[in-house]
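Here is a quick walk through a two-chain model, written for someone who would rather look than compute. Have the viewer open as you read.

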Amino acid sequence: MAESGSSPASPPESKAVAYPQGNVVVAVLSAWLVPGLGHIYLKRRLRGIAFFVLVIVSVLVGCRLQGNLYQVVRGQPLSILATLGSMGMGFPYFLLRYGLHYQGDIMGAGYEYGTAFLLTGGLMNLLLILDAWDIVRGKKE
Amino acid sequence: MLSHFLLMVLYALLVSLFFTLLWRRGRREQIQLFLQIFLGMVGGGLLVAWLMYPFPSGPPAPLLP
């Protein structure tokens, strides 16, 4: 049984596999960098814009409430997970952390709420990355 | 500006909208799932608060700005 990869007529293999919907690497990277951009790249424009708005609103509310934007704390392994979750929001995380030097206010009344909103924004975008992955591979509409 | 209850409602709204758009395509199914998640979160929060009511409380929660 001849596999398609071994056929002389088949295109050369590359790491960035192109599926009918689009390029998987571009879809996943864009989905991570800007919330909703992966869906826009995959021609789900309205859904992409809606996801962008939802994630950004979550992040903005979190910042307004002075929540904690997680970063790794030595001796606290769970902070690694929380940081990865927060980094899931992509570009906004790095803009807040390194561009705007955002720091939450632990004494603020909305600190815990804000932290939940910020972390949720990151986790939402992680799910969007997986969704874009499924769409590009044709497993989801 | 925002009360604890309003923040809970806002959070439930964002999360339920997100999962509705992520998991459902048809309008009818979307409304159904949205209501399930939203009412589940808000109602569940109120239920837990009601169950905790008899327990001794700590210092009063600070007022949000």
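Predicted model: local features only at pLDDT ≥ 70, side-chain atom pairs only at ≥ 80, totals over all residues.

Residues are numbered from 1 along each chain as its sequence is written, while chains are lettered from A and ligands numbered from 1 in the order in which they are written.

Let's start with chain B. It has two helices and zero strands; these are DSSP runs numbered from the N terminus, H or I of at least four residues for helices and E of at least two for strands. Of its 65 residues, 8% are buried, where buried means 20 or more other C-beta atoms within 10 Å of a residue's own, exposed means 12 or fewer, and partly exposed is in between, with C-beta atoms placed from the backbone.

Now the contact between the chains. Chain A puts in 17 residues and chain B 14, with contact meaning C-beta atoms, placed from the backbone, within 7 Å. On the chain A side, α3 and α6 (111–136) each supply at least two residues. That side divides into eleven nonpolar, three polar and three charged residues; Ala, Val, Leu, Ile, Met, Phe, Trp, Tyr, Cys and Pro count as nonpolar, Asp, Glu, Lys and Arg as charged, and the others, Gly among them, as polar.

How do α6(A) and α1(B) cross? Their axes come within 12 Å and cross at roughly 0°, so α6(A) is roughly parallel to α1(B) (angles under 35 degrees count as that). Axes here are lines fitted to C-alpha atoms, for helices over the stretch in contact, and angles run from 0 to 180 degrees between N-to-C directions. Residues that meet here include A:Phe117 and A:Leu127 from α6(A), and B:Tyr11 and B:Phe18 from α1(B). This helix pair's contact has ten nonpolar residues, one polar and one charged.

Finally, look at A:Phe52 in α3 of chain A. A:Phe52 is partly exposed because it has 18 C-beta neighbours inside 10 Å. Leaving out residues up to four places away in sequence, A:Phe52 touches A:Pro35 and A:Gly36. A:Pro35 is 17 residues from A:Phe52 in sequence, and their C-alpha atoms are 4.9 Å apart.

Conventions
Contact = placed C-beta atoms within 7 Å. Parallel < 35°, antiparallel > 145°, perpendicular 65-115°, else oblique.
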